[in-house]
Amino acid sequence: MDLYGFTEGIVRWLVGIISYFVDWLGFHGFAGWIESPGVIQFLTIFGEALIVFIVGFLIAITMIWQERKTLGRLMDRRGAMVVGPAGYFQNIADGLKTFLKEIIIPEKADKKGYNWAPVIIIGSSVLLIGLIPMSDRFFICDLDGGLIFIFAVFSITPFAILIGGWASNNKYSLIGGMRSAAQLISYEVPLLLSLVGVVILTGSLNLGEIVRAQQESIWFVIPQFIGFIVFLITIVAEVERIPFDLPEAEAELVEGWWTEYGGMRFGLIMLAEYIRGYAGAAVAVLLFLGGWSGPFLPPEIWFLIKVFIVFFVFIWIRGSLTRVRIDQILNIGWKRLIPLSMVNIVIAVIIKSMGWL
Amino acid sequence: MEWDLLFFLIFAIITVAAAVFVIASKEIVHSVMYLALTFIGVAIIFFFLSAEYVAIIQILIYVGAVSVLMLFGIMLTKRRLTGGERI
């Protein structure tokens, strides 16, 4: 049973109860309308989105906890450990605290941009959850161009960062926004080129098709190893984690483009960052590490295990490396990663034309 | 009522209104924000016409790249921060 059928069952049951009561109250027309197929379909899609959003939210919270614990161990301390089992509920306590803070808008900020930038960032990040299939039965949309759509949604965020950095009317935040745009120019090209090898080998942009192709042959991390490395480096830049977190360099720019954001906005942007981290790790798993394939356990569990392993690598990178400079990231992007991804495409074309996969 | 028609009308109104605001707004950065909203609205209308690929490429190129480059160009030219000194 897939997610749609499951949700439809729940929705039909609830709607049945509601329409029974409404009918008993005497509104026969309304009771008939509420049971019509269009309404059922709309409510089912709504419920599906709700389920997937809650699951993604829980994954993001778990990732924050994982990051705190692992980073603590890498720094020879324990991380959060007081609230809840192994400090798991510390994030929820922090989240509640950010919600209780006063909302402060800088007096000379550009109100429209200042208020809309976090909305765009959080909205696009949450949209990413809905685009990622967790298995061949747990997904919302099964688009033919799903892979490209994920990166299209990813690429909205630098625009919002630039707007937010400008609208805060603060030099630090403006520099952070500018760095975000400059970084976008350097990593977006090798990121999309490193995907081409996988797409050539599969012949499809559909994420389910890509995973099925890996189940039939071999995980693409082996024939596409260079592409995997390029993808891992650029996806870290895409989700703005530490070696490439130039827009929010704490040491130089206070807190970068979100210096002026406080309270609830800060908390939600923080959550959106981790949702993007989840999406990046999930795309790495889907494209190169076999997606949800694995023995014994249910496919969703396998998918989550792989995602958390990839995210552990992200945390490890964060604990080990220092931040690169803005000219260094341009050099890395254009002089190292683009030639490597071109080599990767050539390898993919050779493998495909020889018929080895 | 057809659900498709209702949502099409909602998104069409948003798109056209945003396109009007591109011209009407005083602040040039607001114009670019409305322009991005127009691009997203057009992409959603492409989805309604079941042209998925065009819609996705519309978002990837126009919202992700063209708007950012426009903002970059606006912000790199000399202009006044609202109520602040020139940067």
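1. Between domain 1 and domain 2 of chain A, five residue pairs are in polar contact, both residues of each pair being at pLDDT 80 or more. A polar contact here is a pair of N or O atoms within 3.5 Å; within protein, one must be able to donate a hydrogen and the other to accept it, and residues adjacent in sequence count only if both atoms are side-chain atoms. On the side of domain 1 of chain A that touches domain 2 of chain A, helix 3 (37-74) and helix 4 (90-100) each supply at least two residues. Helix 3 of chain A gives the most to that side, with 18 residues. Helices are DSSP runs (H or I, at least four residues), numbered from the N terminus.

2. A word on the basis of this note: this is a predicted model, in which local features need pLDDT of at least 70 and side-chain atom pairs count only at pLDDT 80 or more, while totals for chains, interfaces and linings use all residues. Residues are numbered from 1 along each chain as its sequence is written, chains are lettered from A and ligands numbered from 1 in the order in which they are written, and side-chain values use heavy atoms, with hydrogens and water left out.

3. Now the two domains themselves. Chain A is divided into domain 1 (1-100) and domain 2 (111-354), with bounds that come from an automatic or database domain assignment. The contact takes 23 residues from domain 1 of chain A and 26 residues from domain 2 of chain A, where contact means heavy atoms within 4.5 Å. Taken over C-alpha atoms, the centres of the two domains of chain A are separated by 24 Å. About 2300 Å² is buried between domain 1 and domain 2 of chain A, and carbon and sulfur atoms give 81% of this area. Buried area is the accessible area (1.4 Å probe) that two parts lose on being put together, summed over both.

4. The structure holds eight of them over all chains, and the rule finds two across the interface of domain 1 and domain 2 of chain A. A salt bridge is a side-chain nitrogen of Lys or Arg within 4 Å of a carboxyl oxygen of Asp or Glu.

5. Have a look around E67(A). The side chain of E67(A) meets that of R241(A) in a salt bridge (3.0 Å, N to O), and the side chains of R318(A) and E67(A) also meet in one (2.4 Å, N to O). The latter pair links distant parts of the chain, with R318(A) in helix 13 (residues 299-320) and E67(A) in helix 3 of chain A, 251 residues apart. E67(A) counts as buried because its relative accessibility is 2%, whereas R318(A) is partly exposed, at 27%. Buried means under 20% relative accessible area, exposed over 50%, and partly exposed in between (1.4 Å probe, protein chains only).

6. The side chains of R137(A) and E300(A) meet in a salt bridge (3.0 Å, N to O). R137(A) lies in the loop between helix 5 and helix 6 (146-154) of chain A and E300(A) in helix 13 of chain A, so the pair ties together parts that are 163 residues apart in sequence. R12(A) and E8(A) form a salt bridge through their side chains (3.4 Å, N to O); both lie in helix 1 (residues 3-25) of chain A, four residues apart, about one turn of the helix.

7. Next, the interface between the chains. Chain A contributes 33 residues to the contact and chain B 31 residues. The area buried between chain A and chain B is about 2800 Å², of which carbon and sulfur atoms give 80%. F159(A), W166(A) and M178(A) supply 23% of the area that chain A buries against chain B, more than any other three residues. The count of salt bridges between chain A and chain B is zero, and two residue pairs are in polar contact across this interface (both at pLDDT 80 or more).

8. Finally, two residues inside chain A. S125(A), in helix 5 (residues 111-131) of chain A, counts as buried at 0% relative accessibility. P247(A) lies in the loop between helix 10 (225-238) and helix 11 (250-253) of chain A and is buried too, with a relative accessible area of 0%.
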